[in-house]
Amino acid sequence: MAIAKAERLMNLALCLLGTRRPLSKRELRESIEAYLEAGSDDSFNRMFERDKDDLRELGLVIATVENIEGEVGYLARRDSNRLPPITLDAEEAAALGLAAKVWQQARLAGAASGALQKLRAAGLPEDVDPYEAHGALEPRIPVHEAAFEPLMLACRDRRPVVFDYRKASAARPEPRHVEPWALECWRGHWYLAGFDRDRGAERVFRLSRITGRVRSRGTGFTAPVPDVVTVRETVASWAGETADRSALIRLRSGAGYPLRAKAVKVRELGDGWDELEIPYGHGLDAWLVEFGPDVVVLEPAELRADVVDRLRAVAKG
């Protein structure tokens, strides 16, 4: 059965790629033996629609064209299914593989596989596997939030959305009307950057705090969309990457390597502890809490108080 279906898909793809004009269902049925053997028109229609969807899932771009007589025809234009020569080095292939793994965890697995197959056909070296880990540690970007896919599609299509959002300091979620710009992953969490219509300003939303369903709104954007670099800077600033001050912390020896990478100064204190001076920006308190008892904030006092409050909230459950 699998071989028969593969042969049927191959024949359909060759027909669609080889024609210079759209072919109707009737013409395709007469050209492919497996369709001629279909018991009824309904059986053929179901088989054809499944095959067409499978080919699109594999990455074939199939155009639907209606002629002057109102008859629908299909073809796969070569210019739509051809990529120019592509040369990827190992790092670029690894980045593509990492992106594909993100989609594998959403309902975009077919599109990701089709894209990689097209890249392979366009010149991606056979000895470079985009899915293969290129070191002892395999990078992963998890996508567990249900809001990821509808927001990704809304960013692509420039469609405003509405969703319920619970801030870290709020007891209940509240509705947000947002013009979505881009999704960014920061420290293992996904964020949406966009224009908040209710507040009339750009905002960043953590996807794990979105509750319920993301609903689309048909009206267009009212605010200009910044370039990708600006959006990334916005997310980085909100998540604590941009800092205008310094903080002093004690860190247990052998722990907190991400903090050590950011440190401006490091001093050994002995007894299994080090003292670090690190950049201090918005969101640092939430990041420090993730290291638990391995970190003690020395100064400033406001940062120490914020971390203590967060730890107490975690202890209370």
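**A close look at the core**

Author: The largest nonpolar core has 18 residues, and Leu-12, Leu-16, Leu-28, Tyr-35, Phe-48 and Leu-55 have the most contacts inside it. A nonpolar core here is a set of buried Ala, Val, Leu, Ile, Met, Phe, Trp, Tyr and Cys residues joined through side-chain atoms within 4.5 Å; buried means under 20% relative accessible area, with a 1.4 Å probe and protein chains only. This is a predicted model, in which local features need pLDDT of at least 70, side-chain atom pairs count only at pLDDT 80 or more, and totals for chains, interfaces and linings use all residues. Residues are numbered from 1 along each chain as its sequence is written, and side-chain values use heavy atoms, leaving out hydrogens and water.

Helix H1 (2-18) and helix H4 each supply at least two residues of this core; helices are DSSP runs of H or I, at least four residues, numbered from the N terminus. H1 gives the largest share, five residues. Leaving aside neighbours within four places in sequence, Leu-16 is in contact (heavy atoms within 4.5 Å) with Leu-28, Leu-55, Ile-62, Tyr-74, Leu-75 and Ala-76.

Now to H4 itself, residues 41-57. Its buried residues are Phe-44, Met-47, Phe-48, Asp-51, Lys-52 and Leu-55. Seen down the axis of H4, they fall within an arc of 135 degrees, taken from the directions from the axis to the C-beta atoms, so they line one face of the helix. After H4 comes Gly-59, with a positive phi near 110 degrees.

Technical notes
The expected span of a helix is 1.5 Å times one less than its number of residues. Buried means under 20% relative accessible area, exposed over 50%, partly exposed in between (1.4 Å probe, protein chains only).
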